[in-house]
Amino acid sequence: MATLIPPPSKKQKKEACQIRDVDLVPADVPHVLIKFQAADSGESVGGSLRVPGGITEKQLEELLNQLSGTHDDAVPYSFSLLTNSSSGDTTLVDIKDNLYSSVLRPGLKTAEDFMTLVYTPRAVFKVKAVTHSSTAIAGHAATILCCSFAPNDSGRMCSGAGDSNARIWDCNTNTPLKTLSGHTNWVLCVAYSPCGTYIATGSMDNTVRLWDAASGVSLGGPLVGHSKWIASLAWEPIHLVQDGETPRLASASKDGTVKVWHSTRRVCVATLSGHTNAVSCVKWSGSNIIYSASHDKTIRAWDMAVGGKTIQVLKSHAHWVNHLSISTDYVLCKGGFDHMSSRGSAKTDTAELRSRARAEYEKVARLGGSTSERLVSASDDFTMYFWEPLKSAKPVCRMTGHQKLVNHVSFSPDGRYIASASFDNSIKLWDGIRGTFIGSFRGHVAPVYQTAWSADSRLLVSCSKDTTLKVWDVRSRNLSVNLPGHADEVYAVDWSVDGRKVASGGKDKMVRIWSS
């Protein structure tokens, strides 16, 4: 007896009746006129070109590589259409798949219009989404509050916890390597120096301590000076360090001051006072300016080239400023290292590291032919502000959309995107050049505490009160991988420079190392 096919279900019948949107390019799509323009310098390549209206992203990449003379050693690019909005502002529309489905079919341009395609080099290597954690590593006796990977090695990660200790972990063998004990209260922040040699820890005991990153040995006693706890730490970018010197360290405290420490002489070389309330975040930019965000609702810019003089006070927020991010954050943190670096790279000649770091910094900081460092601030007033502090004390734009306080904000490694994490359970994606809204990532069912970018800017990982981590695909704006595993709230997350590992820690006192 012949097998009978079961009748279609109600759902199948309903789907069969719907009109399907097929991504086919019609055969009669006319040719269009385009020109290529560099995102960083604004220079055009190859003049005006007539190309098929259905040209794919891959074909555009091949064409640009031929025009640039890099056909043998092809560089991957992403393309965006430069359009003018009704208010006169220029906006970028990403080209996905092909020119027809991204531009012509939605009606953004017609075949008669001249199109300017802005190209941006993508990371040469591609990071895979992390998918699993082989084990939860015990060691801390209290909640883990912060974690950070070494800039030169995904096999080393440092975490700080409420048990008054920081710990260095071997991420290749998933074992604790060293316990950094000396603080007498919670360790609130940890930071690797951009040269990979030192680790700085800031604690609720009002002190900062420095440690040797390789051996975990304490470098002398605590740095004493603050009268309240340390909320944030920032190292001097490696390309600004003078010959024979070590990078300086900036610490922000609840006492309303920022102190700058000499890491070798172990003395305070400058105290930056001006805030009238707790300083919540500090960043040291590549143009030698320290930015500090405070609960007094302001952000201050201090020029370290002239001894820490206040050059700008940014006032717009209506409540505490929680966090800051600079468009060059990622390249400044990783210094002269890249995804090929290893533990031995820390011994590289400092002059070579400096020149490499300067080249990387200038590549990300250059925009439209000039160096531009952009700043974004997140606040308890549910909003963010986008600034160009060296040009104006007024914000470029106000970034609204979150319905609860914004806890964390971060620029992507290439400076093209901004991700903001909020207590409204969502992560929002913004344009890193203009500050305009792009989209929301929804999936968490409780407040989102922190995000971390993959080195190629294609993926984003977030950690939440709902005990999960989630990996998001920035291009498709979809959830890529859900990572359950923690038994309680996850407070800290970081992604290694080579993209192979993600570290997380939280209320369950366990460190988890995630890999693909």
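Which residues form one aromatic cluster with Phe36? The cluster consists of Phe36, Tyr77, Phe79 and Tyr119. The model is predicted, so local features are given only at pLDDT of at least 70 and side-chain atom pairs only at pLDDT 80 or more, while totals for chains, interfaces and linings use all residues. Residues are numbered from 1 along each chain as its sequence is written, and side-chain values use heavy atoms, with hydrogens and water left out.

**View 1. Aromatic pair Phe36 and Phe79.** Rings of Phe, Tyr and Trp (its six-membered ring) pair if their centres lie within 6.5 Å; planes under 30 degrees apart count as stacked, over 60 as edge-to-face and the rest as tilted. By this rule there are ten aromatic pairs. In one of them, the ring centres of Phe36 and Phe79 are 5.8 Å apart and the planes stand at 45°, so the pair is tilted. The pair links distant parts of the chain, 43 residues apart: Phe36 lies in strand β1 (residues 31-38) and Phe79 in strand β3 (residues 77-84). Helices (H or I, at least four residues) and strands (E, at least two) are DSSP runs, numbered from the N terminus. Phe36 counts as buried at 0% relative accessibility, and Phe79 counts as buried at 1%. Buried means under 20% relative accessible area, exposed over 50% and partly exposed in between (1.4 Å probe, protein chains only).

**View 2. Aromatic pair Tyr385 and Trp387.** The ring centres of Tyr385 and Trp387 are 5.8 Å apart with planes at 45°, so this pair is tilted. Tyr385 and Trp387 are both buried.

**View 3. Helix α2 and its buried face.** Helix α2 covers residues 57-68, twelve in number, and the distance of 16 Å between its end C-alpha atoms agrees with the 16 Å it should span at 1.5 Å a residue. The expected span is 1.5 Å times one less than the number of residues. The buried residues of α2 are Glu57, Leu60, Glu61, Leu64 and Asn65. Seen down the axis of α2, these residues fall within an arc of 135°, so they line one face of the helix; the arc is that of the directions from the helix axis to the C-beta atoms. An α-helix has 3.6 residues a turn, so residues three or four places apart point the same way. Exposed residues Lys58 and Gln66 sit on the face of α2 turned away from the buried side. The buried residues of α2 pack against β1, β2 (44-52), β3 and β5 (114-121), where contact means heavy atoms within 4.5 Å. Gly69 follows α2 and has a positive phi, near 75°.

**View 4. Open sheet β7-β8-β9-β10.** Four strands in this order make an open sheet with antiparallel pairing; two strands pair if DSSP finds at least two bridges between them. Strands β8 (residues 153-161) and β9 (residues 165-170) run antiparallel and are joined by five bridges. Cys158 has Ile168 in β9 as its bridge partner.

**View 5. Open sheet β28-β29-β30-β31.** This open sheet also has four strands and antiparallel pairing. At its edges are β28 (406-411) and β31 (437-442), each pairing on one side only. Five bridges join β28 to the antiparallel strand β29 (residues 417-422). The bridge partner of His408 in β29 is Ala421.
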